[in-house]
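Visitor: I am new to this structure and would like to learn how to read it. Could we go through its features one at a time?

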Amino acid sequence: MISTKKFLSSVCALSLGLSALAGCSNESASNSTEDGEKSNKPFELSIMATLHTPEIPDERLELLLEEKTNTELDIQWVPDANYIEKVNTAFATGTLPMAVSISAQELGTQFKQAIRDDQFWEIGPYLDEYKNLNKLKPKVIENTKVDGKVYGIYQGRPLSRQGFIFRKDWADKLEISTPTNTDEFYEMARAFTEDDPDGNGKEDTIGLSDRSDLLYGAFKTVSSWFGTPNEWGLKDGKLLPEFMFDEYMDTLDFFRDLHKNGYINKDFPVTSKKDQQSMFKNGTSGIYVGSIGDVQGLYDDATKLNPDLEYDVQNKVEGPHGEFGIWSIPGFGSIMMFPKSAIKSEEELKKTLAFYDKLMTPEMANLLLWGIEGEHYEVKDGAALPDASIREKLDREVRPYLSLEVGEPDTNGRYEGFAAYEIKAKAEELIKDNENYLINNPVVTLDSETYTKNGERLKTIITDATYQYILGQIDKKGFETAVEKWKEQGGDKVIEEYNASYKKLKNN
Amino acid sequence: MVEDKSIGSRLFNWTNITLLTIISLLTILPFFHVVASSFTTSAELAAKRFVLIPTEWSIAAYQYIFSTDTVFRALGVSIGVTFFGTLWSMLLSVLTAYGLSRKDLVGRRFIMFFIIFTMLFNGGMIPTFLVVKETGLLDSYLSLIMPVSINAFNMIILKSFFQGLPDGLEESAKIDGCNDFGILFRIVLPCSMPVIATISLFYAVTYWNTYMHAILYLNDATKWPIQVLLRQIVVLAGGMNYDGANYTDVPPPEQTVKMAVIVVATIPVLLVYPFLQKHFAKGALLGSMKE
Amino acid sequence: MDNDLVVVKKNSTVIPKASRRTELWKRIKKNKFMYLMILPGILYFLIYKYLPMYGLIIAFQDYKPYLGISGSEWVGFDHFKRLFSEPDFWFIFRNTLLLFVLQLVIFFPIPIFLALMLNEVRNQAFKKTVQTIVYIPHFMSWVIIVSICYVILTLDGGVVNGILESLGFQKINFLLSDEWFRPMYILQVIWREAGWGTIIFLAAIAAVDPQLYEAARMDGANRLQQMIHITLPAIKSVIVVLLILKIGDILELGFEHVFLLLNASNRNVAEIFDTYVYTTGLQQGQFSYSTAVGFFKGIVGLILVMFANWLAKKSGEEGVY
């Protein structure tokens with residue numbers, strides 16, 4: 001029982017500590033180097049990064065990275081699913097590292113206020129000083145701005161990977177050409193359901209398999225085909241949410257018909273991505289709307305079950321109005337931000353930025369994404385081909401590091417992935433083609449306090465009503481009631497606030 | 001014991017055994033599916049969706065997860081934390097529970113209320129993190145143990161079992177010159193093996209399932225226990241993180257790998273139970289001690 | 001050791017009233033080792049449970065993590081007002097309460113029955129096998145359980161609907177309807193937790209004096225009578241303690257589980273406090289609001305525990321405090 005004394009003293013220490021913690025404890029993550037010895041001493045940098053792989057990262061690449069950038073890295077890996085809890089805890093306890101990656105979604109909600117309260121460095125004015133960072137796309141940077149200022153270095157993502165994948169062999173057998181408008185798309189879904197595309201004489205197929213995701217599943221992409229705006233749109237000079245547009249209603253009716261006739265899986269509102277893909281792979285369904293880049297993984301598995309299977313991809317589907325458009329994301333997945341609690345001086349900030357500047361060279365970008373040439377990948381036709389026979393090694397040594405990437409292939413000069421499967425190569429082409437038809441979300445950089453505070457809850461009202469309408473559980477009137485509910489519970493305010501914010505931005 | 005051989009008793013036995021067999025089958029089937037899935041190919045899993053006996057056997061999933069030492073190390077961490085954590089928690093809980101089982105203890109009701117209160121209110125993630133930080137446990141395995149040293153629920157169960165012991169036991173020991181510690185360790189504990197085994201199991205399972213604390217308190221990924229890896233794989237295999245803005249070029253782990261990790265993370269804790277089971281039949285001990 | 005005793009005495013002398021001081025003092029002194037035993041436990045609760053409780057303050061603030069508690073703005077009862085004036089408050093409250101009642105009335109007795117059944121098994125090998133099997137599901141995460149249920153119950157080629165159809169019945173929309181949510185929820189809870197729940201009752205049964213059974217048999221009691229008159233009374237106090245603690249947990253219905261089952265078609269019956277807090281609070285870092293909801297849950301739990309404990313004591317049971 002000697003420990004009692006220790007216990008008591010630690011209780012005292014604790015209460016002292018806690019009173020100090022009432023504010024934010026100040027812990028400098030690293031000391032700024034003295035002027036005299038700055039010559040070759042590696043710069044110490046701590047980073048919090050998302051872990052996307054099932055393996056714990058191996059240090060090999062980190063060491064190479066350190067050597068090539070003359071940096072001493074301290075990377076805190078956090079599993080993807082719990083990243084935000086970890087960031088919040090670190091934020092509240094003053095233990096944030098010097099560089100933190102924040103997802104696009106969180107940037108728009110809870111971090112806005114923190115940025116306004118001066119918790120992060122504004123880096124806009126410094127970007128010109130770095131020849132690589134300076135190459136970042138202004139259009140995407142625009143989307144990362146808060147109150148017109150730049151606070152982070154973005155990690156790029158293709159603007160729109162949406163389209164659909166379908167069973168080419170089924171289409172050929174039923175003599176259906178690749179759909180180019182929504183009517184033909186509907187006809188394909190019908191034929192794949194009713195005309196026995198697999199020729200086994202049984203009614204065991206469905207046209208389209210979808211999942212419980214209105215965004216990255218089929219719904220939003222199809223709504224783009226119909227010409228629905230992306231989240232918000234202008235009507236008579238006023239910003240309104242997408243579901244107040246007729247095109248949204250048209251999309252709803254389209255899906256309601258698909259569902260009523262059984263051309264889409266009945267339980268799609270509770271179907272997981274895994275199950276959706278299973279249906280598409282095992283020959284239950286013939287159409288998959290979503291990210292067309294998925295075709296590679298789907299094909300790899302599906303051909304093991306049915307070697308004769310053929311897929312094809314398509315992006316352009318015109319709506320009844322005779323035009324094609326496709327919704328886009330803001331062009332970035334996350335941004336690296338630099339907390340003032342960890343980076344104390346401008347000098348340190350500049351060194352940190354210099355590190356990220358180096359990451360944007362082709363050499364470093366390739367290292368982060370593909371690993372070591374000749375060992376982890378080889379270059380084929382100017383693209384990187386990872387060695388598929390060492391998947392576990394890649395998962396462990398290379399893949400975790402891609403969450404450190406900044407920019408995109410256009411700007412950091414890294415290789416694109418080599419597509420051995422021609423349809424995958426076609427998909428990549430179509431993803432580029434999509435950039436000519438983008439429908440942008442106009443509120444990305446606008447501001448609504450009510451949305452930040454209550455947006456998720458409000459969104460649920462509409463999401464629920466959308467599913468219920470498609471399932472035939474409510475009618476048009478029911479949907480309108482939901483929209484009214486949305487307006488009453490704060491939606492009206494959101495509209496007001498976004499429009500005010502929009503006017504302010506336009507006048508500037 | 002004399003066995004009752006009447007017809008009623010036999011009927012009773014047969015109904016009972018039949019029912020239990022049905023219940024067991026219903027319970028085991030989904031787990032069977034998980035095990036079977038881990039030994040097949042992801043193509044077959046996609047084709048059938050519910051697999052009980054694989055037509056195409058494969059150990060690729062296990063080869064994948066055991067190709068590096070990650071899983072071994074994580075299992076090692078979990079076993080260590082579970083073992084020492086359970087010991088520590090049992091020590092503290094037994095002491096507290098026994099102390100509180102004495103009915104003439106002044107302030108007993110107040111202390112019990114004080115403990116139950118913590119089951120209903122908690123300060124939340126951030127203040128707890130601060131205490132863990134201030135007690136110097138960050139990045140140490142102790143951070144997975146100290147903050148959960150006593151589970152109030154488990155402690156209360158122990159206490160109510162100790163209370164149920166006949167008073168005569170303690171009295172006779174006192175006459176023999178034992179102090180309270182002596183009574184606890186020489187008399188009370190040996191008589192309470194069923195509940196000791198039960199609560200040890202409860203603690204062991206809690207420690208085995210440690211997950212959130214590891215992510216919050218351990219910055220060094222090499223210290224993560226198996227559950228963090230398990231979650232990571234289950235979440236990643238769900239595939240939702242590969243959409244839109246979160247999209248990365250990494251293909252999600254195969255479904256079979258997910259199943260294999262579940263099996264690997266579950267087997268060790270399943271093995272604990274049969275070892276503890278023998279203590280559930282020790283009720284007879286109590287009877288003999290009373291004489 | 002001496003030091004510790006001083007601490008104990010100091011702490012305890014606060015309690016007694018002046019008139020009975022010496023009498024009490026004697027009682028305390030008699031149990032000095034007992035106080036010593038509970039000291040580490042008390043310290044644990046103080047440090048890791050009570051110290052962080054200052055965090056509850058943020059329920060009355062507009063808390064911003066980086067400003068800390070001292071820097072955040074006070075808003076009084078605003079968050080509670082918001083909670084009670086939520087248009088959905090009452091239906092969420094009702095849903096939570098109904099699921100709780102299901103847990104209490106349907107789930108709670110099942111492990112007891114199962115334990116009694118297992119106790120009647122004479123073949124030890126069979127008994128051990130069954131015990132081990134029924135306890136396995138506890139280790140399967142809800143994600144897996146829910147996804148298996150989806151595969152079995154879906155309208156799109158699920159086994160159950162396949163059987164229904166081949167028998168000439170109508171297909172049942174298990175997943176996308178509000179009337180099937182509650183049965184599904186409770187069945188999944190039973191499937192996962194019933195076997196695990198038996199362990200504690202088996203431990204209680206193991207502590208029953210076998211002489212009691214022998215005596216009962218001499219009196220001609222059959223198996224069922226023995227079960228009702230000996231086994232059940234012997235484990236009654238454990239049942240009561242578990243029941244009280246369970247009641248305190250009223251608003252903890254397993255967030256992950258409900259969240260996974262929740263969808264557009266069953267939200268009117270499936271939305272509970274935890275899932276509600278998740279969509280309104282955690283997703284957007286609204287620490288204060290979710291703390292306020294947690295606080296509210298704690299108070300409801302506390303009132304119910306106190307009531308249940310009072311009831312237990314009134315009917316001659318020991319209770320939990």
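Visitor: How many residues does the contact take from chain B and from chain C?

Guide: One way to approach such a boundary is in general terms: the size of an interface is often given as the accessible area lost when the parts come together. Here, in what is a predicted model, we can count residues instead, and the contact takes 79 residues from chain B and 76 residues from chain C. On the chain B side, the largest share, 15 residues, comes from helix H1 (residues 7–38) of chain B, and by class that side of chain B has 49 nonpolar, 23 polar and seven charged residues.

Visitor: Which elements give two or more residues to the side of chain A that touches chain B?

Guide: That contact takes 48 residues from chain A and 47 residues from chain B, and the elements in question on chain A include helix H1 (3–21), strand S2 (71–79) and helix H3 (83–92). The largest share, six residues, comes from H1(A), while the classes on this side of chain A are 19 nonpolar, 16 polar and 13 charged residues.

Visitor: How is chain C divided into domains?

Guide: Chain C has domain 1 (1–76) and domain 2 (77–314), whose C-alpha centres lie 34 Å apart. Nine residues of domain 1 of chain C are in contact with eight residues of domain 2 of chain C, and the domain 1 side of that contact has six nonpolar, two polar and one charged residues.

Visitor: Which residues are buried in H10(A)?

Guide: The general idea comes first: an α-helix has 3.6 residues a turn, so residues three or four places apart point the same way. Helix H10 (residues 246–260) of chain A has 15 residues and reaches 21 Å from its first C-alpha to its last, close to the 21 Å expected. Its buried residues include Tyr248(A), Thr251(A), Phe255(A), Leu258(A) and His259(A), and what covers the buried residues of H10(A) includes helix H8 (182–194) and helix H18 (449–470) of chain A. Just after H10(A), Gly262(A) takes a positive phi of about 75 degrees.

Visitor: Where in chain B is confidence lowest, and where is it highest?

Guide: Chain B averages a pLDDT of 86, and 90% of the residues score at least 70. Confidence in chain B is lowest in helix H14 (residues 283–290), at a mean of 46, and highest in helix H4 (residues 70–101), at 95. Over residues 284–291 of chain B the pLDDT is below 50, and this stretch has 11 contacts in the model beyond near neighbours in sequence.

Conventions. Residues are numbered from 1 along each chain as its sequence is written. Chains are lettered from A and ligands numbered from 1 in the order in which they are written. This is a predicted model: local features need pLDDT of at least 70, side-chain atom pairs count only at pLDDT 80 or more; totals for chains, interfaces and linings use all residues. Domain bounds come from an automatic or database domain assignment. Two residues are in contact if their C-beta atoms, placed from the backbone, lie within 7 Å. Ala, Val, Leu, Ile, Met, Phe, Trp, Tyr, Cys and Pro count as nonpolar, Asp, Glu, Lys and Arg as charged, and the others, Gly among them, as polar. Helices (H or I, at least four residues) and strands (E, at least two) are DSSP runs, numbered from the N terminus. pLDDT is the predictor's confidence in each residue, from 0 to 100. The expected span of a helix is 1.5 Å times one less than its number of residues. A residue is buried if 20 or more other C-beta atoms lie within 10 Å of its own, exposed if 12 or fewer, and partly exposed in between; C-beta atoms are placed from the backbone.
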